[in-house]
Amino acid sequence: SNDLVTPLNIISNELSKGSNSLADAHLNPTIIDLVKTYIAHEIGKISPIDSPRVYDAINWSSNLNDGDLVIPVPQFREKSIPPQELASQLANKFPKSEYFSGIIAKGPFLQFFINPKFLFENIIKDIANKRQNYGSRKLPSEQKVIVEFSSPNIAKPFHAGHLRSTIIGGFISNLYETMGWDVIRMNYLGDWGKQFGLLAVGYERYGDECLLEMDPINHLFDVYVKINRDMEKETTDIPYDESVNGQAKNFFKKMESGDQDALNLWGKFRSLSIKRYVDTYARLNIKYDIYSGESQVPKDKMDNALELFREKKLLEESKGATLLDLTKFNKKLGKTVIQKSDGTTLYLTRDVGAAVDRYEKYKFDKMIYVIASQQDLHTKQLFEILNQLGFDWASHLQHINFGMVKGMSTRKGTVVFLDNILEEAKEKVLSVMQKDAAKYSLIENPEKVADLIGVSAVMIQDMQSKRINNYKFEWSRMLSFEGDTGPYLQYAHSRLHSIAEAHPTLDTTKVNFNILTEPEAVVLIRLLAQYPDVLKAAMKTLEPCTIVTYLFKVAHQVSSCYNVLWVAGQPDDVAAARLALYNAARQVLHNGMRLLGLTPVNRM
Ligand code: ARG
């Protein structure tokens, strides 16, 4: 930041000495942070409002016609002067400088138009220096977050809820990491319960070592479907211990009581499945730190919880099962079973034990559960239980929920795991690519490119609107190369990449930015300057669409620039200035796409 013109560099030095009394608890202020600090200082000098309050009041405008940064003056609650008047006084008194091309009072709003020249000079350089780190932050002290997401059930279909949890959870993990947090990515598998008894019985009848090794996920599902069918067909005259249901229950009992043979078989199912999961998640750039699961919850943690409730007289017995009455705390939470009559544990009880165990192990500052809104009640019960148990960290838990997907299926029908969706997406993209034989022949690894574009299609469709909205899973729409789709975003990125590639000799490090005057270029640089704060905004809402919407804005603006800002056939200085701007745009698209979990392609 040495290259900044005074007095911003003075502010920057002050900030790095730790004398920043202003709001941002970040170690590495962005250029826009510095501009905001400067505004706050100046307004502090010319008005009775102190700088930290000014700083907090500065927002990005929602429309670039209303300036870049804007202060809603009524927020100051100055009694002595009407906000409109204060706004216009401030606009008049604010010192003229090269940082702003306009400071305007519009009603009670004070609008700051940052000088485009200042933005071109500083933002492009900043992006070129920071590259993939443009937008990243560091925290003054270590903060740890556990993000639990995906969490499919072994041997059961991977449904849309798991798909969304995977995509959204992957994004949230990346976002926290980018914002300087220490992130633990956790997959809490559905790997315990009576269905594993059933699976074991089924495996004895239909299992095949070879198939299990080769394709554990599909094979186990196949076995599970067959044994379920057998169970349904069974008549009631079969003795309990010989019935599929009875055998399944007995097997699970053995698992719960620690029988080694039972556990060995179950362990094999689990570890072979995980091995496969690892590869598939990698296609979405997701790497878990921990494969945990319902099976991993220590029994004593659950027992302790039950004991505490018993002491507090919150338990009731009903037909041998144990009920916990949560209505005392919140009517809507109802009474819920926390232990079955046969003593085996339940989903909710396991979640209580798991949370306690995680806190003891990792001492997280925050834990996020990414689970479909169908489990809103479950999660509320869980959080209330932990709260009633007196854990102060219970207030650091957050449920990130989302709506449903309709019509998710593949050619083969049931979705058994993520792979089934990703494979189909890839095949569909590949067949589109093959239609243009000439172009296709130029692509180095078409299968890989098709995979990355297919993944982008599925993911962008999912992240396009607010999490809570339902959407319809539509292959043709998500795979379209036009409109706001994953393939379009990839196309925008690859086109920018090829412009740079076509001009390998242009020096974009020493550029005369006075050349960039076109309104299209100005809008683009103003957008690129917003990126770090777009991430900050996303931290508040944890909505992927905040990023997606922004990236499409950038992509559209780049596309408007193509009509005006030619690089090919231009004099070197003009071409270099424009290319520098395009490179900056490519980097921002790249960073945003990575954040979402996509791999940007360079050619398609
Ligand atoms: N395996 C569960 C399911 O498929 C989701 C687990 C969500 N996480 C949790 N801590 N309950 O419904």
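Around the ligand stand E148, S151, N153, Y188, G190, D351, Y369 and I371, where a residue counts as near a molecule or strand if its C-beta atom, placed from the backbone, lies within 6 Å of it. This shell divides into three nonpolar, three polar and two charged residues, with Ala, Val, Leu, Ile, Met, Phe, Trp, Tyr, Cys and Pro counted as nonpolar, Asp, Glu, Lys and Arg as charged, and the others, Gly among them, as polar. The model is a predicted one, in which local features need pLDDT of at least 70 and side-chain atom pairs count only at pLDDT 80 or more, while totals for chains, interfaces and linings use all residues. Residues are numbered from 1 along each chain as its sequence is written.

An open sheet of five strands runs in the order β7-β6-β5-β11-β12 with parallel pairing; strands (E, at least two residues) and helices (H or I, at least four) are DSSP runs numbered from the N terminus, and two strands pair if DSSP finds at least two bridges between them. At its edges are β7 (290-293) and β12 (397-400), each of which pairs on one side only. Neighbouring strands of this sheet are turned by 25° against each other on average, direction ignored. Within it, β5 (residues 144-148) and β6 (residues 182-189) are joined in the parallel sense by five bridges, and I146 stands opposite I184 in β6.

A second open sheet is built from four strands in the order β1-β2-β4-β3, with antiparallel pairing. Because β1 (59-60) and β3 (100-106) stand at the edges with a single partner strand each, one side of each is left without a neighbour in the sheet. Helix α4 (residues 83-93) packs on this sheet and touches β3 and β4 (109-114), its direction making about 160° with that of β3; contact here requires C-beta atoms, placed from the backbone, within 7 Å, and axes are lines fitted to C-alpha atoms, for helices over the stretch in contact, with angles from 0 to 180 degrees between N-to-C directions. Strand β2 (residues 69-72) is joined to β1 by two antiparallel bridges, and to β4 by four, also antiparallel. V70 in β2 is the bridge partner of N59, and the bridge partner of V70 in β4 is Q111.

A hairpin is formed by β8 and β9, with two residues between them, and K319 in its turn has a positive phi of about 50°. Four bridges hold β8 (residues 315-318) to β9 (residues 321-325) in antiparallel fashion, with A321 in β9 as the bridge partner of S318.

At the level of domains, whose bounds come from an automatic or database domain assignment, the protein is given domain 1 (8-114), domain 2 (297-363 + 374-391) and domain 3 (418-596). The C-alpha centres of domain 2 and domain 3 lie 47 Å apart. UniProt, in an unreviewed entry, places the feature "domain: Arginyl tRNA synthetase N-terminal" at residues 33-114; its positions are given in the numbering used here, feature names are shortened, and annotations may be inferred rather than shown by experiment. Over residues 33-114 the chain is 39% helix and 23% strand, with the end C-alpha atoms 13 Å apart. UniProt also lists "domain: DALR anticodon binding" (unreviewed entry) at residues 489-604, a stretch that is 72% helix and 0% strand and whose end C-alpha atoms are 11 Å apart.

Definitions and conventions
Contact = placed C-beta atoms within 7 Å.
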